Amino acid sequence: MSAQTPDTPDEDAPTDAESDATTPESEQKPVSTPIRTHPTIRPTLIWLGVVAVLGGGVIAAIWTNTDLVGGPDVANVVIQAVGLLTLLGVLRFMTRVYVLRQTKYVVDEDTISRQYELFFRTWRRTVPVSKVRSHELRQSRVQKLLGYGTISLNQGLGAIELENVTSPHSLYDDVSTLVEQ
């Protein structure tokens with residue numbers, strides 16, 4: 001009978017050098033490809049609402065109290081300027097919503113691509129999986145709260161970003177599995 005102290009490791013238990021934090025390739029879940037997804041328009045709709053509410057609020061405040069800006073003549077000019085800026089902001093975010101609705105991300109065994117169509121013109125950016133050297137998942141606090149994130153591939157080397165994807169951790173795990181194969 002040998003006495004073991006807490007300091008001596010059990011021979012059957014793996015040591016830190018033998019255990020690996022990553023899952024071996026034989027145990028990784030298979031990725032069913034192609035994976036087709038698209039960006040969420042939620043953050044853009046939030047910004048669209050913020051611009052519209054702030055612009056409308058400023059216009060209403062000046063309209064009801066023209067002395068805030070120096071009289072009725074100045075108030076009229078300021079209301080027109082704020083209205084124009086609000087309209088431009090709303091148009092910008094509505095255009096972004098349209099582009100995001102047309103954007104598709106496709107991940108298959110050989111390539112990762114981002115594509116969209118705008119006014120009968122197709123724009124496509126493709127990176128072969130074999131050429132992916134780096135990949136990262138970024139989530140701001142707001143993105144984490146709303147359940148979306150951005151996956152960046154090959155920063156600085158023909159980069160491609162999968163912006164505002166829903167379930168970003170799942171997609172990131174699938175991309176990581178494909179890249180490491």
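1. A residue counts as partly exposed when its relative accessible area falls between the limits for buried, under 20%, and exposed, over 50%. By that rule R138, at 33% relative accessibility, is partly exposed. The coordinates discussed here belong to a predicted model.

2. The mean pLDDT of the protein is 80, and 81% of its residues reach 70 or more. Where pLDDT is low, predicted coordinates should not be read in detail.

3. The overall architecture comprises four helices and seven strands, arranged along the sequence as β-α-α-β-β-β-β-α-β-β-α. Of the 181 residues, 30% are buried. Among contacts between residues at least 6 apart in sequence, 48% join residues at least 24 apart. The accessible surface comes to about 12,500 Å², with 56% of it belonging to carbon and sulfur atoms.

4. Helix α1 (42–64) has 23 residues, which at 1.5 Å a residue should span 33 Å; the end C-alpha atoms are 33 Å apart, in agreement with that expectation. The buried residues of α1 are P43, T44, L48, G55 and I62. Their cover includes α2, β6 (148–153) and β7.

5. Helix α2 covers residues 72–102, and its 31 residues should span 45 Å at 1.5 Å a residue; the distance between its end C-alpha atoms, 45 Å, agrees. Buried positions in α2 include A75, I79, V82, T86, G89, V90, F93 and V97. An α-helix has 3.6 residues a turn, so residues three or four places apart point the same way. The cover over the buried residues of α2 includes α1 and β3 (111–118).

6. A nonpolar surface patch of about 500 Å² deserves attention; L84, L85, L87, L88 and L91 make it up. L91 belongs to helix α2 and is partly exposed, because its relative accessibility is 44%.

7. How many salt bridges does a search of the whole structure find? The search finds three. In one of them, the side chains of R114 and E163 meet at 2.9 Å, N to O. This pair links distant parts of the chain, with R114 in strand β3 and E163 in strand β7, 49 residues apart. R114 is buried, since its relative accessible area is 15%.

8. R138 has two salt-bridge partners to examine: its side chain meets that of E136 at 3.1 Å, N to O, and that of E161 at 3.0 Å, N to O. E161 lies in strand β7 and R138 in strand β5 (residues 135–138), so the latter pair ties together parts that are 23 residues apart in sequence. Through shared partners, the salt bridges join E136, R138 and E161 into one network. E136 is partly exposed at 34% relative accessibility, as is E161 with a relative accessible area of 23%.

9. F119 is exposed because its relative accessible area is 67%. S167, also a residue other than glycine, has a positive phi near 50° and is found in the loop between β7 (160–166) and α4 (168–180). With a relative accessible area of 48%, S167 counts as partly exposed.

Terms used. Residues numbered from 1 in each chain as written. Heavy atoms only, no water. Helix = DSSP H or I, 4+ residues; strand = E, 2+ residues; numbered from the N terminus. Buried < 20%, exposed > 50% of the residue type's maximum accessible area, 1.4 Å probe, protein only. Contact = heavy atoms within 4.5 Å. Areas by Shrake-Rupley, 256 points an atom, 1.4 Å probe, with all protein chains shown as cover. Expected span 1.5 Å × (residues − 1). Patch = residues over 30% accessible without salt bridge, like charges linked within 9 Å, V, L, I, M, F, W, Y side chains within 5 Å. Salt bridge = Lys/Arg side-chain N within 4 Å of Asp/Glu carboxyl O. pLDDT = per-residue confidence, 0-100.
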